[in-house]
Amino acid sequence: RLLTITLDTTVNKLLRKVRITENSAIVFKDTVACDGHDDEAILRIVTHAHQDHLCGLRESIRKTPLIGMTEATYDILKALDYDIPENKTLILDYGKEVKIKDVIVSLHKAKHIIGAAQVLVIDEEEHRLVYTGDFKLPSTPILEADLLVIEATYGNPSHVRPFKYEVEDLFADLVRSSLAKGPVYVFGYHGKIQEAMEILRSKGIDAPFIAPRKVYRVTKAAIKHGLQVKEVFYYRSFEADEIIKSGWYVFFAHLSAARTYSSRSAVNIVLSGWEFTEPLRQINEKTYLVALSDHADFEDLLEYVKRSRPKVVITDASREGSAYMLAREIRKKLSIPAIALP
């Protein structure tokens, strides 16, 4: 009985150190806001440059004293037309610590998109408060935590990909066979597009890549920070015009622009993380869905929690996903207190 009371007291104490707001900010100690704007925060962390993690960023740029991120994320944000004043910019290399009021903040690698980071906040009581941001295993280091805030995109137990290690080869094979008949158009989100480019290059696809302005600029920023991709051309350049005439190229565009750029005469490939039954699905004669995800699936989420050994877990319910289901499964399968917020 005494042990239960002690545990509950510790958990409650930890839970008072974090809140998730309705506008998607994960706020530690009323000082550090991650991936959303909070008026009280001194530091806004951008874990990575996906739209659902840039909530209220322009407001943070106006109101919050410091905006922290990796250099790669900073360069990608510039490519996406965000203008962060130099006096507010805090570039954090992985592992570098910075003291803000009574907490120490550091960023740690997350396998997701170029520049993605996890956040570790150590408070005055030396409690380790961790926010994973978006990630996937096995290439994400697992941080030990007292309180863990974890993403829940694929938090439903049915969100398991038995084929996750086969997808890259199948994707490359589809592009290779399609290029023999004409150009290929690939649609996805920033970050996932660049991952797809790198996969194709690593599998020996050497056709030129063409991209519209923002995708081209994000790709160039990612190349600066280690993306292994060559032969990418801006689609309004002279070189791209000549390549398009040849009919042998891969065109990459953001998913939101699929209607603008998709071609009835070419093979169109949509990169989707929401495919769990098969790695590759044909929609019609010219359109395919490929299950390329940059998120942990349900099994990976549980694995992270298990190895992080937190005293309490909060699943992020402010973004698309299955946070309430994941919290329930963590309680049931791992016997660790877990709640979904907000």
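Strand 2 (residues 26–28) and strand 3 (residues 32–34) run antiparallel and are joined by 3 bridges. Strands here are DSSP runs of E with at least two residues, and helices are runs of H or I with at least four, numbered from the N terminus; two strands pair if DSSP finds at least two bridges between them. This is a predicted model, in which local features need pLDDT of at least 70, side-chain atom pairs count only at pLDDT 80 or more, and totals for chains, interfaces and linings use all residues. Residues are numbered from 1 along each chain as its sequence is written, and side-chain values use heavy atoms, leaving out hydrogens and water.

**The sheet**
- Ile26 stands opposite Cys34 in strand 3.
- An open sheet of 6 strands has the order 1-2-3-4-5-6, with mixed pairing.
- Strand 1 (18–20) and strand 6 (89–91) are the edge strands, each pairing on one side only.

**Cis peptide bonds**
- Leu137 and Pro138 are joined by a cis peptide bond with omega of about 15 degrees; Pro138 lies in the loop between strand 10 (128–131) and strand 11 (147–150).
- A cis bond also leads from Leu341 to Pro342, with omega near -5 degrees, and Pro342 is in the segment after strand 20 (338–341).

**Positive phi**
- Most residues other than glycine have a negative phi.
- Ser24, in the loop between strand 1 and strand 2, has a positive phi of about 75 degrees.
- Ser335, in the loop between helix 10 (323–334) and strand 20, has a positive phi near 55 degrees.
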